[in-house]
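Work through the exercises below with the sequence and the coordinates at hand. Each task is followed by a solution that goes step by step.

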Amino acid sequence: MPTLVVSITLFVLALLIGIEVIGKVPATLHTPLMSGANSIHGIVIVGVVIVAAEANSPLAYAFIFLAAVLGTMNVVGGYVVTDRMLEMFKSNKKKGEEK
């Protein structure tokens, strides 16, 4: 039971810190920060692997699977958005030469 309380406390603190940090970022900077978000979600996936090593119940495995899927979706989506954003800043010369 004490480990559950510690886990919930850490989750709530991480949630509050995340909301505080993201809330202070202007909306125009959200897309350029996707690369940073990718690294954070990569850390989440590493955490999932560490937790999976000690899991021993079906409910824990369900949450581990859910966290892994959502974290992976965020990483892949972040790279897609970052790639599209970088494509917008490429020179128009290169696009004209291809035609």
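Helices (H or I, at least four residues) and strands (E, at least two) are taken as DSSP runs and numbered from the N terminus. The model is a predicted one, in which local features need pLDDT of at least 70 and side-chain atom pairs count only at pLDDT 80 or more, while totals for chains, interfaces and linings use all residues. Residues are numbered from 1 along each chain as its sequence is written, and side-chain values use heavy atoms, with hydrogens and water left out.

**Exercise 1.** Determine which helix holds Leu-13, and classify the exposure of Leu-13.

Solution. Leu-13 belongs to helix α1, which covers residues 2-23. For the class, buried means under 20% relative accessible area, exposed over 50%, and partly exposed in between (1.4 Å probe, protein chains only). Leu-13 is partly exposed because its relative accessible area is 46%.

**Exercise 2.** Compare the span of helix α3 with the expected value, and list the buried residues in α3.

Solution. The expected span of a helix is 1.5 Å times one less than its number of residues. Helix α3 (residues 58-88) has 31 residues, and its first and last C-alpha atoms are 45 Å apart, close to the 45 Å expected. The residues of α3 that are buried are Ile-64, Gly-71, Val-75, Gly-78, Thr-82 and Met-85. In the unreviewed UniProt entry, the annotation "transmembrane region" covers residues 33-52 and 59-81, and such annotations may be inferred rather than shown by experiment. Over residues 59-81 the chain is 100% helix and 0% strand, with 33 Å between the end C-alpha atoms.

**Exercise 3.** Assign Ile-50 to its helix, and give its distance from Ile-64.

Solution. Ile-50 sits in helix α2, residues 34-54, and it counts as exposed because its relative accessible area is 53%. Ile-50 and Ile-64 are separated by 14 residues in sequence and by 10.0 Å in space, C-alpha to C-alpha.
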